[in-house]
Amino acid sequence: MTIKITHTRREGTLIEGTSRGDGSAEILRLREYGRTQRQPFRWSRNLDCWYLPHSRDHATYTPSLELLAQRLRDKGFEVTLTVNNADRRSFSEAEQEREDKAEGRADRFGEYAANAAQSSEAAWKKSHDISERFAFGQPILVGHHSEGRARRDHARMDDAMRKSIGESDRAAHWTGRAQAAANYQQFKKDPGRTLRRLDKLRADLRAVEKWQRGQSAKGFSRNPADPELEVEHQELTEEITHWEKVIKDAEAEGFKVWSRADFKRGDFVLYRGTWYEVLRVNPKSVTIPHIHNGVGQRIVRAADNRHDGWTSTAPYDDVSGRKSADEMQQPPQVEAPGQQEQAKQSAPIKEPVPAAETCPTSHPSPWHAKAHCWALSQQATEGQSTPGTAPADRTNGPEDMALVLITSKNSRRSRKRALWAMTRREAQAVCSDSRTSGRAYMLTWTDQPGTEGTDWEWTPDNGSLDQVLEDLSVTPRREWTAAVQAPAKAA
């Protein structure tokens, strides 16, 4: 039987005509093929033939296939070799297939994770059921007729629990794989990554055009008459067009593509959550004070550079915002006269965000914990109302004031700790934001906290959540005014 070796950009490198036990597998499994000359061929049940991984949409290394063909001929096989690098698919077609396969992987891995979780739960239940015999600490009675059964039960419990733990780890593994596959399209079309990808593709296209003109690029030259250069030029042009459309779609949805035309020296740039003063404007980035100055700071000016004049660069594809020097000098807006002084007093505090009392119940995620802590806070504060105030008498308007509290793990305190005072509507928006809860802390709110100094106290604000407040257009206070309450009825 004739073994056919074919390569096209559309299908990759395929080996057809082999059969089980004919001796070809030993040759195909050698790690000596492909563009790196370190790849083995693999068998595909879907294609029903051998294939070379990662050979699609690429030109082949022909000497590697010629070496394979010669080895098969030396074993007595008839071999035909066909290479057609011009037969290819468009980049959009290839990218769409990759996205479809990613969706399929996400569904498949999700099923694997669900099955593993179900198996883990069943194994845990089996171990738990066996352990019911020893619920009250019944020891193994050595020499008793029940000793053999008791030891077998202990072994079965151990095996079941080990299986439960192993299946739980497997479920976590497949859950992560499923999440990664589900995020494939979002990851590939991220505007920042796409801009960096376009820079590299345009550089590659310029190199190909130089080679076609007979010039040197990337430190070497290529034959201008090489037909592979024309194919590479077409591929790069299609790929650049595809990703440029992705950027245009992102711009239509509100994404800003920053450039040197948007900045001048003295402006401020928002880079990775911190505002830095612009020291110099470059073609692809802006020069800023060293990023080590931004630790614990919200605004870093040129005069704040504490590292002997060290500087950093902020690439335009990683910039999040811009403000002029005049805009940065404007004082923050406050809700009422007299609150500006309180805002000024709280702004310079740079201590870490403190930990506070935690919920007495553990939860699988910050979302469950936040909802549970909010419920506990409401239950606790309802019993702290003054004797003359009933829940029905409290003002429930949208402008009622609320106190935002911070709680954290492994901290038992007699007093609640308050960060800000704001309206109830603003407190709901701040506490429901995903950025106000982490692995060790979360924010909750209440409109009946009790008495200051007895039930709660102010805690320093280090400014780490200022970006959340800015995004939600919330200006907090550091002064508590209780909600208006109805007068107590005469006895």
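1. Let me begin at the surface, where Trp-124, Met-161 and Ile-165 form a nonpolar patch with about 280 Å² of accessible area together. Patches are made of residues with over 30% relative accessible area and no salt bridge; like charges are joined within 9 Å, and nonpolar side chains (Val, Leu, Ile, Met, Phe, Trp, Tyr) within 5 Å. The areas come from the Shrake-Rupley method with a 1.4 Å probe, and for residues only the protein chains shown count as cover.

2. A word on the basis: this is a predicted model, in which local features need pLDDT of at least 70 and side-chain atom pairs count only at pLDDT 80 or more, while totals for chains, interfaces and linings use all residues. Residues are numbered from 1 along each chain as its sequence is written, and side-chain values use heavy atoms, with hydrogens and water left out.

3. Helices (H or I, at least four residues) and strands (E, at least two) are DSSP runs, numbered from the N terminus. Ile-165 has 49% relative accessibility, so it counts as partly exposed; buried means under 20% relative accessible area, exposed over 50%, and partly exposed in between (1.4 Å probe, protein chains only). His-128 is partly exposed, at 35%.

4. Asp-158 is partly exposed at 34%, while Arg-162 is exposed at 58%. A salt bridge here is a side-chain nitrogen of Lys or Arg within 4 Å of a carboxyl oxygen of Asp or Glu.

5. By that rule the count comes to 38 salt bridges. One of them joins Asp-57 and Arg-98, at 3.6 Å from N to O. Asp-57 lies in the loop between β4 (49-51) and α2 (62-74) and Arg-98 in helix α3, so this pair ties together parts 41 residues apart in sequence. Arg-98 is partly exposed, at 28%.

6. The aromatic search of the whole structure returns 11 pairs. Rings of Phe, Tyr and Trp (its six-membered ring) pair if their centres lie within 6.5 Å; planes under 30 degrees apart count as stacked, over 60 as edge-to-face and the rest as tilted. Trp-258 and Phe-263 have ring centres 5.6 Å apart and planes at 45°, so their pair is tilted. Trp-258 is buried at 16%, and Phe-263 is buried at 7%. Elsewhere, ring pairs link Phe-109, Tyr-112 and Trp-174 into a cluster.

7. Finally, two arginines over rings: Arg-197 lies over the face of Trp-243, 4.3 Å from the ring centre, and Arg-222 over that of Trp-211, at 5.1 Å. The rule asks for NZ of Lys or CZ of Arg within 6 Å of the ring centre and within 35 degrees of the ring normal.
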